[in-house]
Amino acid sequence: YRSASTDPGINTIAARDGAGTIFASLFSGVATQANYADLAEKYLADAEYEEGTVLMIGGENEVTACTIGSRAIGPVSKKPAYLMNANLENGTAIALKGRVPVKVTGPIVKGQHLVAGPNGSAQSAGAGNPDTFAIALETNSNPLIKLVECLIL
């Protein structure tokens with residue numbers, strides 16, 4: 001008879017700790033799936049940002065809100081399917097790949113490419129713009145800032 005343990009050592013049965021977390025050194029299986037849809041990594045931001053805010057390298061720490069003409073690295077993700085650098089204290093999760101809401105300024109049409117826009121938002125990109133970081137998955141004619149579901153490239 002073996003008892004369950006939250007210690008990820010060998011020959012133990014995995015158990016949840018008081019917070020519901022299971023620890024292990026290696027999970028091996030055939031398939032996995034997630035409830036959410038993006039790959040994100042934590043970076044140190046110069047402020048606390050809302051979901052979908054588009055960030056770039058810069059500011060007092062590693063990242064800050066993007067501006068027109070800058071190179072966006074991605075939007076703030078609040079529910080990443082996979083989070084890299086998860087133990088970075090006070091880090092902000094930025095979606096690097098996958099499907100997430102993005103703050104967009106101006107009308108957008110499904111399939112349009114996005115680049116950095118004003119005040120931490122994205123905007124429609126001109127044809128062939130090398131700074132494209134996302135593609136809109138929906139159309140929204142609202143000229144103001146709003147969240148639009150996008151594919152991060």
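**Cysteines, strands and a surface patch**

Reader: Where is S70?

Author: S70 lies in the loop between β5 (63–65) and β6 (72–75). Strands here are DSSP E runs of at least two residues, numbered from the N terminus. This is a predicted model, in which local features need pLDDT of at least 70, side-chain atom pairs count only at pLDDT 80 or more, and totals for chains, interfaces and linings use all residues. Residues are numbered from 1 along each chain as its sequence is written, and side-chain values use heavy atoms, with hydrogens and water left out.

Reader: S70, buried or exposed?

Author: Buried, at 13% relative accessibility. Buried means under 20% relative accessible area, exposed over 50%, and partly exposed in between, with a 1.4 Å probe and protein chains only.

Reader: What does the S70 side chain reach?

Author: The backbone oxygen of T67, at 2.6 Å.

Reader: Switching to cysteines. How many disulfides?

Author: The count is 0, where a disulfide is a pair of cysteine sulfur atoms within 2.5 Å. C66 is in none, and its nearest cysteine sulfur, that of C150, is 12 Å away.

Reader: Which strands pair with it?

Author: Strand β3 (residues 38–44) runs antiparallel to β8, joined by 7 bridges. β12 also pairs with β8 in the antiparallel sense, over 7 bridges. Two strands pair if DSSP finds at least two bridges between them.

Reader: Which residue in β8 partners Y43?

Author: T92 is the bridge partner of Y43. On the β12 side, K146 stands opposite V104.

Reader: Which residues form the nonpolar patch on the surface?

Author: L137, L151 and L153, with about 220 Å² of accessible area together. Nonpolar side chains (Val, Leu, Ile, Met, Phe, Trp, Tyr) are joined within 5 Å, like charges within 9 Å. Areas come from the Shrake-Rupley method with a 1.4 Å probe; for residues, only the protein chains shown count as cover.

Reader: Where is L137?

Author: In the loop between β11 (134–136) and β12 (146–152). L137 counts as partly exposed, at 32% relative accessibility.

Methods
Patch = residues over 30% accessible without salt bridge, like charges linked within 9 Å, V, L, I, M, F, W, Y side chains within 5 Å. Salt bridge = Lys/Arg side-chain N within 4 Å of Asp/Glu carboxyl O. Helix = DSSP H or I, 4+ residues; strand = E, 2+ residues; numbered from the N terminus. Polar contact = N/O pair within 3.5 Å; in protein donor to acceptor, adjacent residues only side chain to side chain.
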